[in-house]
Amino acid sequence: MLRNTLCAQNLPPSAALPPTEESAAFLQAKEKLGAPSRIVWGEAGSSSLDRWQAKSLVEFDGVIVAWEPEQLTLVKRNGTGTTTLPGDLVVGITPGWKSSAFESTHQLWLNKDFPKVITSGQMALAEREIPRWQQRLLVTEMIESALAINQPAVACRIFQAIGDDPVPDLLFSRIPLPWSTELDNVPPAVASEASVWMNKEAPALKLLGATWSLTGPNRLEAVEKLKELTKLKDQAKPTHRLIATYAQIQLWRTTPVDNVVSIELESWIQLRDSLQIPTQAGPTALLATRLEQANQIELALAEWLRILSLHSDRPSIAKTAQARSNALAKQLATLDATKQTSPNQ
């Protein structure tokens, strides 16, 4: 596993890269943009799982010039110019930071010192002339840190720093949406601001506000906003397609509990599985939550365990998955014991 990649997904151990003579273009890029990063890139396969098999992963390093949804631009060690790759096929990045403050904050993230990540990150982001992709990456680590210490209002405010940006799916998957039972007790600070976000022009902020408004006085408007966002799936922009899918998945909350298994389950699983694995964490949590509400304990347990297997890099969601899988396993054990001791058995 690449411990300090942006998105660690039980990848094979990193192979040692052979020494390569550094070109003049590489040295210039390194001086201007910071240390080289290690990129793990997955060749397109017939399904999202194909990208996470060792045979389809390519690992290399270089100085990243830009990372946008459409493409990753970098300068390789022996490159005479820039190289571009499809941005949505990036599996993970071990970042080479331009700023020591960014690097220190990232180390706090790796050490799971979540409160310090937020304070350190705020100071780091005040620095000038930092590559935008590094700013976005640090913001996502701050968002995850806020969620890990149960501060969704802080996470939502931090997200606004990139809410207007077209960001790669790997980063956008960190949008602080409620993916489990968070809507049962929405923090007042989130509830008061959600209606404002819901009416922003930026689709990402509209998604954020509408989702957090699904149980409040603006519920009907929130449902309509989510339905509008689902229409973005036909657009060419990758981030817009993911926003549309996330909006469609959040509308699972409006399905009557009796219909979860009898009508919707198969299509829900297909929709979740159509996503790249890093973007499946939240949808899997919502799927597990709805299965619990439908009293499908074994199916829900399987989904929570899936999160523990695939999404250990998402501390808040993984923490919820651990708690729910423990509770459901005990519940199943109790039911089994009751069946064994029942006089009718």
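Reader: Which helices each supply at least two residues of the lining of the largest pocket?
Author: Helix H4 (132-148) and helix H14 (315-341) do. Helices are DSSP runs of H or I, at least four residues, numbered from the N terminus. A pocket is an open set of 1 Å grid points where a 1.4 Å probe fits, with protein on both sides within 12 Å along at least five of seven lines; lining residues have an atom within 4 Å of a point.
Reader: Which one gives the largest share of that lining?
Author: H14, with 4 residues.
Reader: What sort of model is this?
Author: The model is predicted: local features need pLDDT of at least 70 and side-chain atom pairs 80 or more, while totals for chains, interfaces and linings use all residues. Residues are numbered from 1 along each chain, and side-chain values use heavy atoms, without hydrogens or water.
Reader: New topic. How many salt bridges are there?
Author: The count is 16 (Lys or Arg side-chain nitrogen within 4 Å of an Asp or Glu carboxyl oxygen).
Reader: What does Asp165 pair with?
Author: Arg136, with the closest N and O atoms 3.2 Å apart. Asp165 sits in the loop between helix H5 (152-159) and helix H6 (169-172), and Arg136 is in helix H4, 29 residues away.
Reader: Are those two buried or exposed?
Author: Both Asp165 and Arg136 are buried (under 20% relative accessible area; exposed is over 50%, partly exposed in between, 1.4 Å probe, protein chains only).
Reader: And what about Asp273?
Author: Asp273 forms a salt bridge with Arg306 at 3.7 Å between the closest N and O atoms. Asp273 is in helix H11 and Arg306 in helix H13, so the pair ties together parts 33 residues apart in sequence. Asp273 is partly exposed at 34%, as is Arg306 at 23%.
Reader: Which residues do shared partners join into one network?
Author: Glu22, Lys30, Asp61 and Arg77.
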